[in-house]
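Me: Hi! Could you walk me through the pockets and a bit of the fold in this one? I have it open in the viewer.

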Amino acid sequence: MAAPILRKFSRTTAIINNHQRSFHLAIKTMGAYDAEFNKAKERLNSLKEDPGNEAKLKIYALFKQATVGKCNVPKPGMMDIVGKYKWNAWNDLGDISQDEAQKQYIELVDTLAGAETKESSGAQSGTDQKFETLAVSCADGIYSITLNRPSKKNAITVQMYEELILALKEAGADSSVVIATVTGAGDYFCSGNDLGNFMNIPQDRMASMAAKFGDLLQRFVSAFIDFPKPLIGLVNGPAVGVSVTVLGLFDAVYASDRASFHTPFSQLGQSPEGCSSYTFPKLMGAAKASEMLLFNKKISAAEAFNRNLVTQVIPDDVFTKETSAKVQAIAKLPKESMSFSKVLIRDAEREKLHSVNKEECRVLVGRWQSNECMTAIMNFFQQKASSKL
Ligand code: COA
């Protein structure tokens with residue numbers, strides 16, 4: 001069985017290489033990252049392992065965008081299945097600039113090459129030291145991400161947002177990874193956005209900081225939308241805010257019976273994110289979604305299961321053991337098949353989700369600068385401070 005699979009892989013790699021060669025000759029790139037881009041092309045050719053179809057499609061698309069620009073050819077016909085996948089991958093990049101495509105291409109090749117070096121040095125499993133706010137490990141095809149600020153109930157700081165984006169990118173690009181999981185350290189899954197992210201910002205820098213934070217949030221949610229492999233939420237305890245809303249983008253969510261789900265946006269003068277303004281009404285119906293997203297209703301794990309946000313509720317005393325067995329079993333399923341299925345399911349909505357994400361972040365940038373929001377956040381920290389007196 002191995003030989004035909006290898007033949008197919010090398011043919012696909014050859015397709016990518018041929019494309020690179022012909023465009024390299026035909027087009028003189030003058031991007032901001034030309035030198036690194038050329039080096040990345042060479043690095044790609046020296047990869048020893050096949051990076052998998054998903055990564056190869058992404059490489060193909062980024063290469064075309066970097067060298068040609070926006071997708072400018074008609075969609076291939078019904079029968080050209082490979083051509084359609086490649087066209088979709090290129091077309092999905094939309095209007096991103098050639099410089100941005102070069103940058104993403106370089107990052108992707110770096111990640112693939114880095115993963116190979118890590119594998120060959122035998123450091124594939126165990127905790128990854130490059131993350132400070134997360135505990136990340138990779139073994140048996142399972143990339144496990146643990147939010148790791150238990151003393152702050154795993155509230156998400158700017159650094160944690162960036163590290164989560166990086167971890168998802170790494171897991172998506174590493175060919176040894178079959179699935180990824182996200183859980184929390186300590187008694188909470190996550191208390192949402194770290195409200196300190198909005199504190200101590202001078203008035204004259206508020207607008208630019210809000211815009212910057214909106215951009216970060218949009219990239220963060222995009223990393224979930226575009227994650228190419230099965231993504232599993234292991235909700236070990238209460239979840240608040242953005243840690244609840246992004247669950248609508250996971251492929252399965254297992255919750256401890258101790259977990260609760262709370263999105264107190266109105267209470268905080270804010271508005272929904274994580275595509276929940278779209279996914280929640282779809283999952284649970286408009287009236288129940290509004291109860292959570294508009295009226296701050298906190299729901300139990302059992303209620304979240306009834307509302308289709310959670311796949312299964314598991315008693316807390318056996319949560320770790322049972323979810324570990326489930327995750328191990330899922331990771332043994334054929335990985336390419338799962339990955340293709342995931343992409344098919346997501347592709348049906350990918351564009352819509354990105355536009356919802358963009359709009360939610362645009363509205364939030366305004367909300368963060370509102371009096372309602374500033375007052376609510378000040379109140380939270382004042383109450384915390386006075387409770388310690
Ligand atoms: N942002 C910043 N700090 C947070 C936080 C958050 N989202 N959630 C918890 N913390 C901090 C607390 O300030 C406290 O810090 P301290 O020890 O320095 O005082 C520490 O984490 C422990 O939290 P504490 O409030 O003492 O625990 P609790 O069990 O009484 O309450 C929560 C836990 C999550 C219910 C409560 O902290 C809370 O309501 N947090 C805000 C949640 C929120 O609104 N998130 C944003 C949603 S959009």
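What follows is a chat about the pockets, cavities, strands and a few loop residues of this predicted model.

Me: Let's start with the pockets. How much space lies in the largest pocket?

Reply: About 2000 Å³. The lining of that pocket is made up of 50 residues, and those nearest the centre are Lys-58, Leu-93, Gln-104, Asp-226 and His-354.

Me: Which helices supply at least two residues of that lining?

Reply: Here they are: helix 3 (53-67), helix 4 (81-91), helix 5 (98-120), helix 6 (158-173), helix 7 (206-225), helix 13 (335-347) and helix 14 (350-368).

Me: And which helix gives the most to the lining of the largest pocket?

Reply: Helix 6, with eight residues.

Me: Nice. How do the lining residues of the largest pocket divide into nonpolar, polar and charged?

Reply: There are 22 charged, 18 nonpolar and ten polar residues in that lining.

Me: Which domains does the lining of the largest pocket draw on?

Reply: Domain 1 (31-125) and domain 2 (127-377) each contribute at least three residues to the lining.

Me: OK, next one down. What volume does the second largest pocket have?

Reply: Its volume is about 990 Å³. The second largest pocket has 37 lining residues, with Ser-191, Asn-193, Leu-195, Phe-380 and Lys-384 nearest its centre. Two or more lining residues come from each of helix 7, strand 5 (239-240), strand 7 (260-262), helix 14 and helix 15 (371-387).

Me: Which element has the largest share of the lining of the second largest pocket?

Reply: That would be helix 15, with seven residues. By residue class, the lining of the second largest pocket has 19 nonpolar, eleven polar and seven charged residues.

Me: Good to know. How many cavities of 30 Å³ or more does a search of the whole structure find?

Reply: Two. The largest cavity holds about 90 Å³ of space. In the lining of the largest cavity, ten residues are nonpolar, one is polar and none is charged.

Me: Which residues line the largest cavity?

Reply: The lining includes Leu-147, Ile-156, Leu-164, Val-182 and Phe-189, along with Phe-220, Phe-224, Val-242, Ser-243, Val-246 and Phe-250. Helix 7 and helix 8 (242-245) each give at least two residues to that cavity's lining.

Me: Switching to strands now. Is strand 2 mostly covered or mostly uncovered?

Reply: Strand 2 (residues 142-147) is mostly covered, with five of its six residues buried.

Me: In what sense do strand 1 and strand 2 pair?

Reply: Strand 1 (residues 134-139) and strand 2 are antiparallel, joined over six bridges. One of the bridges links Ala-135 with Thr-146 in strand 2. The two strands form a hairpin with two residues between them, and Asp-140 in the turn has a positive phi of about 55°.

Me: What about strand 2 and strand 3, in what sense do they pair?

Reply: Parallel this time: strand 2 and strand 3 (residues 179-184) share six bridges. Leu-147 has Gly-184 in strand 3 as its bridge partner.

Me: One more, Pro-315. How far apart in space are Pro-315 and Ser-256?

Reply: They are 5.7 Å apart, C-alpha to C-alpha, and 59 residues apart in sequence. Pro-315 lies in the loop between strand 9 (312-314) and helix 12 (319-331). At 39% relative accessibility, Pro-315 is partly exposed, because that label covers values between 20% and 50%.

Key. Residues numbered from 1 in each chain as written. Predicted model: local features only at pLDDT ≥ 70, side-chain atom pairs only at ≥ 80, totals over all residues. Heavy atoms only, no water. 1 Å grid on protein atoms, 1.4 Å probe; cavity = no way out; pocket = protein on both sides within 12 Å on 5 of 7 lines; lining within 4 Å. Points joined across faces, edges and corners; volume = space filled by probe spheres on them. Helix = DSSP H or I, 4+ residues; strand = E, 2+ residues; numbered from the N terminus. Nonpolar A, V, L, I, M, F, W, Y, C, P; charged D, E, K, R; others polar. Domains from an automatic or database assignment. Buried < 20%, exposed > 50% of the residue type's maximum accessible area, 1.4 Å probe, protein only. Pairing = 2+ DSSP bridges.
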